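Hello,

Here is the structure I promised to pass on. Please have a look at it before you read my notes.

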Amino acid sequence: MSRQAGAGPGTSGDAPDDAPRFPRDIRRPTTDAATSARMSRQRRSGTKPELALRKELHRRGLRYFVDRAPIRGQRRRADLVFPRLRIAVYVDGCFWHRCPQHATDPRNNAEWWAAKLAGNVARDRATDAALIDAGWQVIRVWEHEDAVAAADRVQVALGIRASGT
């Protein structure tokens, strides 16, 4: 993909997919050292809810790839991937992905956070659409969901009778 003359980072020539962009007119707020340290400890992969789901699926004899891009060339990675069946599973955090039950709005830097979190949701929907267009099935699991119930949903999508049925 060619870049336009004078185009800087974050312009449309920068990303291989049609990723929603964070508004350039809202500057990243300065944060205190404690907040910065806390945010740097946030895991992108291997979170407790993800590990619980993985453990339950593995207990049921299911095998999968972890933290893998379902589509070649796509930068967005799924938490679990079943490539032969074209199923991608995402375990979404309630804060970062705006859970309808548990989403909270930070008071500090509210405008920046609102734009950031809305961008996350828009990116999730764009990812879902791209995968569906490519023939994949997308399963989204909220971090607060019971791992057994989430594993049942994955198992049904895989075409395997769920444990409780």
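This is a predicted model: local features need pLDDT of at least 70, side-chain atom pairs count only at pLDDT 80 or more; totals for chains, interfaces and linings use all residues.

Residues are numbered from 1 along each chain as its sequence is written, and side-chain values use heavy atoms, with hydrogens and water left out.

Among the buried residues of H3 are Trp112, Trp113, Asn120, Asp124 and Asp128; buried means under 20% relative accessible area, exposed over 50%, and partly exposed in between, with a 1.4 Å probe and protein chains only. After H3 comes Gly135, with a positive phi near 90°.

Next, the salt bridges (a side-chain nitrogen of Lys or Arg within 4 Å of a carboxyl oxygen of Asp or Glu). The whole structure holds 11 of them. One of these links Arg140 and Asp92, with the closest N and O atoms 3.1 Å apart. Because Arg140 lies in strand E4 (137–142) and Asp92 in strand E3 (87–92), this pair ties together parts 48 residues apart in sequence. Arg140 is buried at 18% relative accessibility, and Asp92 is buried at 5%. Through shared partners, salt bridges join Asp92, Asp124, Arg125, Asp128 and Arg140 into one network.

Another salt bridge pairs Arg54 with Glu50 at 3.2 Å between the closest N and O atoms. These two are 4 residues apart in helix H2, so about one helical turn separates them. Glu50 is buried, at 2% relative accessible area.

Finally, which loop holds Arg60? Arg60 sits between helix H2 (48–59) and strand E1 (65–68), and at 18% relative accessibility it counts as buried. Its side chain makes a polar contact with the side chain of Asp152 at 2.7 Å (a pair of N or O atoms within 3.5 Å; within protein, one must be able to donate a hydrogen and the other to accept it, and residues adjacent in sequence count only if both atoms are side-chain atoms). The Arg60 side chain also reaches the backbone oxygen of Val148, at 3.3 Å.

Best wishes
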